[in-house]
Amino acid sequence: MSAPGQPAGPSRTPVYALVGNPNCGKSTLFNALTGLKQKVGNYPGVTVEKKIGTAYSQHGLPLTVIDLPGTYSLAARSPDEAVTRDVLLGRRADTPQPDRILCIVDATNLERNLYLVHQILDLGRPVILVLNMMDLAARSGMEVRVGRLEHALGIPVIACEAVNGKGLIELKLAMSRPDLPLSRHAWDIPAAIAPAVTELQASLAAGEGKSPLIARAEALLLLTDQDSVRVAGSTPLNARTTEILRSWQERWAGQEIDWAGILVGSRYDAIGVLAANAVQAGPPAGRTTSDKIDAVVTHPVWGWLILIAVMTLIFLSIFTLAEYPMDWIGAQIAALTRGVKDVMPAGDLRDLVTDGAIAGVGTIVTFLPQILILFFFIGLLENTGYMARAAFIMDRLMSRVGLNGKAFIPLLSSYACAIPGIMATRTIEDPKDRLTTILVAPLMSCSARLPVYLLMIAALVPGDRVPLPTKVGLMLLMYALGTFGAFGFAWLFKRTLLKGAPPLMIMELPPYRLPGLKDVVLHMIQRAGLFLKRAGTVILGISIILWFLTTYPKGPGGVVSIDHSFAGAAGHAIEPLIKPIGFDWRIGIGLISSFAAREVFVSSTAVVFSVQNFNADDAHADLTPLREALRNAHWPDGRALFTPLVCLSLMIYYVFAMQCMSTIAVVRRETNSWKWPIFQTLYMTGTAWVLSFIVYQAGRGLGF
Amino acid sequence: MPTAHLEPFRPQRMTLTELPIGATGRVFALAGETNVCARLRELGFCESAVIEKISGQKTLLCQLCGTRIALSDRTASHIVVELVRGG
């Protein structure tokens, strides 16, 4: 059967799907096959990364390769795995059903990896089996007999070392074959469930027009798939099939026999026979290098010390290394703005270009170095295998507040920026765990809050130079507030709103490897590209809207005056709301404008308090004139506006408040609803207000 | 004849969480929530699979078929093992 709307002729580019367990070297193989000819996007409606590349056959003809998310089984447990299942079953209209399937397995771990292969063979598509990591298998003394496996399965089996590029030519030759054989795959479905399989198969074939083999494979899956994950964009089951499935499940529930377990067991039996025939195990393995490293890295004491050291290194790199490119980019943006101002005649259009578009793009691009460094390290940690260990160590701590160990990476990334953090929650299988992580991730102090903290600390402390201990102490306090806040809310949500059983975590710790620099860099570029696309468009849009709101309507005589603008009006409008926490309408304008990105607070404050010649894009911009302006700002009754107490209140407000449109937009995408981003904005900003209120009013009461 | 010889050899059964660190057990059964058991089976925790417990209390680390696997104690409590050696 060809996918609907796709002519099955020699003229069409054949579509290969690349499937395999996590950590079997699938991405490396995909990169090796397609080089840089890759397109990274999203499956519409779900937040699963879609990677499609082009490889070339031996005759130079293009072959489309889809890199499907790694999975242990077609019985999906997470959105990623559901996409893999649905693409293979032809349930997604946005992706052609693959003509052929490349199954990649870790040769050192053949038996466990063959489980997925066994399910895939059921699909009745031509399959090529790629045995990756043959070098590691040989080193551990295992002998994998490729010929026997090929003979037993009746499909091409290619021995390969994707990291070293070995076996790629043989693989491409196999992929170029016009006539790939179908597998001789046959296994006995336990007799008791055969009638159920037949009935479901008939319903799927009749109702949804599936080919008999695909329908059979899907029927088998439906029976093992207890609470199957449904994802947006996939065709749901029809009512009749659902009804048949439900009635069989009810019947079995009455018999108290675990048919799903029996099905899995019978697959493993078949695999056991296959593996016994094809694999000659080596001498009993002693402690491998990985085991020796793990003895230290997962040690209760040393493990923590190493983790802390690694995290410190990453943080220092993000904040120190990124400074140089960020300054440079800031200078370029400033130069560009000056250039445009010189060339274009003064007027609204020029201001739109410089203060709206260029400022917006500048904000995004300035963040890029930090994001790139962050993604580089995350890629490096994933590539070497350390990331799984970090998640393992953190799991003990995270499970106390009901979070999954896998939430560690998203939360860590959120210190740089919540957007990549939220995008990284996709690996968390449990939807409630994932949602909790998304809800608390923006509480981690992101780097856009830094300029706000720095300005407030400068305004808070009298004297020209802020003593280092004060600066560091206050800064640490803000980071600690956000972090404990995040854990506190996670604990609260897991007990109330997203009540669920304690997290069930099962995670494979892959053997340590030397990192493949090409894979790490490619990963970094792709992720950064996604970030730019996701956050960039929003930030640019918001910057232009904010420019409009701060420019129009103009003041008397057609002069731009923020006081008279929509933003000024909005600032005045929210003043009653923010007065109890010590803010006036001018700070209100700063709050509103910083929805584009929190750091915009600094530049808009400079505008509001009419600081001349202040260039917020220049990282070495002297804060002194701005600080002086803030110090001279007063309430109408003559009281100073920025008292130390107000500065503290404002910092606390920024720790908790959801002051970021891009994050809201990303949460909306990742949760596929407006409900959660709205809830998140309310709870975060509500907490911010309440805490600032308590601090401000208590401070006032104590006479500060 | 000592009575001990008359008793058939019965290996000790316990959940994986109770298996002492450093000991090796053979999976005897999976018990508890069906979908958790199905997932464990798919990952290779089948009856008769041999597991070595490496470390951990709340989050366990074990070795299965040459692979390191971390699992939370709630997951591990679904796995009933028979003590093979160690402990």
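This is a predicted model: local features need pLDDT of at least 70, side-chain atom pairs count only at pLDDT 80 or more; totals for chains, interfaces and linings use all residues.
Most residues other than glycine have a negative phi, and most peptide bonds are trans. Now look at the step from A:Tyr552 to A:Pro553: that peptide bond is cis, with omega near -15°. A:Pro553 sits in the loop that runs between α21 (517–551) and α22 (566–578) of chain A.

Then there are a couple of positive phi values. A:Met133 isn't a glycine, yet its phi is positive, about 60°. You'll find A:Met133 in the loop between β6 (127–132) and α4 (134–139) of chain A. Is A:Met133 buried or exposed? Buried: 27 other C-beta atoms lie within 10 Å, and the cut-off for that is 20 or more.

A:Asn672 has a positive phi too, near 60°, and again we're not looking at a glycine. A:Asn672 belongs to the loop between α27 (661–671) and α28 (675–701) of chain A. A:Asn672 is partly exposed, with 14 other C-beta atoms within 10 Å.

α12 of chain A covers residues 302–321, so 20 residues, and it spans 27 Å from first C-alpha to last, close to the 28 Å expected at 1.5 Å a residue. Its buried residues are A:Gly303, A:Ile314 and A:Ile318. Looking down the axis of α12(A), those buried residues fall within an arc of 35°, so they line one face of the helix. What covers them? The list includes α11 (289–297), α14 (348–384) and α15 (386–398) of chain A. The face turned away from the buried side carries exposed residues, among them A:Trp302, A:Leu305, A:Ile308 and A:Leu316.

Last stop, the contact between the chains. Chain A puts in 35 residues and chain B 26. On the chain A side, α3 (110–121), α10 (259–278), α15 and β10 (506–509) each supply at least two residues. Which of them gives the most? That's α10(A), with 5 residues. By type, the chain A side divides into 16 nonpolar, 10 polar and 9 charged residues.

Terms used. Residues are numbered from 1 along each chain as its sequence is written. Chains are lettered from A and ligands numbered from 1 in the order in which they are written. Helices (H or I, at least four residues) and strands (E, at least two) are DSSP runs, numbered from the N terminus. A residue is buried if 20 or more other C-beta atoms lie within 10 Å of its own, exposed if 12 or fewer, and partly exposed in between; C-beta atoms are placed from the backbone. The expected span of a helix is 1.5 Å times one less than its number of residues. The arc is that of the directions from the helix axis to the C-beta atoms. Two residues are in contact if their C-beta atoms, placed from the backbone, lie within 7 Å. Ala, Val, Leu, Ile, Met, Phe, Trp, Tyr, Cys and Pro count as nonpolar, Asp, Glu, Lys and Arg as charged, and the others, Gly among them, as polar.
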